[in-house]
Amino acid sequence: ALPICQVYLFNQRSKPVYSFGGALKALRCYAVRPVDETVELSLRLNMYINKKTKRGAFQGMVLLPHPMKKRKKILVFAEDDLALEAKEAGAFIVGGKDLVDQIQSKQIQIKSFDLCLSSESMYDLVKPLQQHLRAKMPHRRRGTVTDGLVEKVHQLRREQEYKVDKEGNLNVAIGKLSFPDEVL
């Protein structure tokens, strides 16, 4: 008698379907690492606008009610009262013209901060830093050039980035296993 291929039999078994609460319970039961593991949401989106046209990849930010990452380091270009307010709101580095000069002379490494904001009055001075800041460059379209720096610093701390590839796969971290079910 020929041996039965067990891999084939395993693939024929139907996959279990869990509710969200049941899936969290299963994740907590099977967690083996001593670190607080991340809970990710994976979805497959229909990328067709109509039957013939397919939408390309895109990315964005989603505002989570409970931040899950360590504190984001936010650099703010501002002067006078706006600079003091941004520093009190928790910005990592705050400065004006001197900060622009430090970045141009590479005294401040781009890797040392996560995000970059600018006040409206400083934006013209920040424009020459496009080659240095690249993806971290503040833009009006993204909402990172504003005079409401305090609110924006608080908002950016809670946001989580997501990316959708051209096939429609979305993966975004939504929390940690240590969070209660109500938070997730």
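I noted that the model is predicted, so local features need pLDDT of at least 70 and side-chain atom pairs count only at pLDDT 80 or more, while totals for chains, interfaces and linings use all residues. Residues are numbered from 1 along each chain as its sequence is written, and side-chain values use heavy atoms, with hydrogens and water left out.

**Entry: negative patch**

I listed the members of the surface patch of negative charge as Glu79, Asp80, Asp81, Glu85, Glu88, Asp98 and Glu151. Patch residues have over 30% relative accessible area and no salt bridge, and like charges are joined within 9 Å. Asp and Glu count as negative, with the charge placed at CG of Asp or CD of Glu. Areas come from the Shrake-Rupley method with a 1.4 Å probe. I placed Asp98 in helix H4 (residues 97-104).

**Entry: salt bridges**

I took a salt bridge as a side-chain nitrogen of Lys or Arg within 4 Å of a carboxyl oxygen of Asp or Glu. The count by this rule is five salt bridges.

I examined Lys54 and Glu167, whose side chains form a salt bridge at 3.7 Å, N to O. This pair links distant parts of the chain, 113 residues apart: Lys54 is in the loop between strand S1 (38-44) and S2, and Glu167 is in the loop between strand S6 (159-164) and strand S7 (169-176).

I then turned to Arg140 and Glu120, which form a salt bridge with closest N and O atoms 3.1 Å apart. Arg140 lies in the loop between helix H6 (130-133) and helix H7 (149-158), and Glu120 in the loop between strand S5 (115-118) and helix H5 (123-126), 20 residues apart.

Within helix H4, Lys97 and Asp101 are four residues apart, about one turn of the helix. Their salt bridge has its closest N and O atoms 3.2 Å apart.

**Entry: Met68**

Is Met68 buried or exposed? I recorded Met68 as buried because its relative accessibility is 13%; buried means under 20% relative accessible area, exposed over 50%, and partly exposed in between (1.4 Å probe, protein chains only). Met68 sits in the loop between strand S2 (58-63) and strand S3 (74-77). Leaving aside neighbours within four places in sequence, I found Met68 in contact (heavy atoms within 4.5 Å) with residues including Thr38, Gln160 and Phe179.

Note on methods: Helices (H or I, at least four residues) and strands (E, at least two) are DSSP runs, numbered from the N terminus. Patches are made of residues with over 30% relative accessible area and no salt bridge: like charges are joined within 9 Å, nonpolar side chains (Val, Leu, Ile, Met, Phe, Trp, Tyr) within 5 Å.
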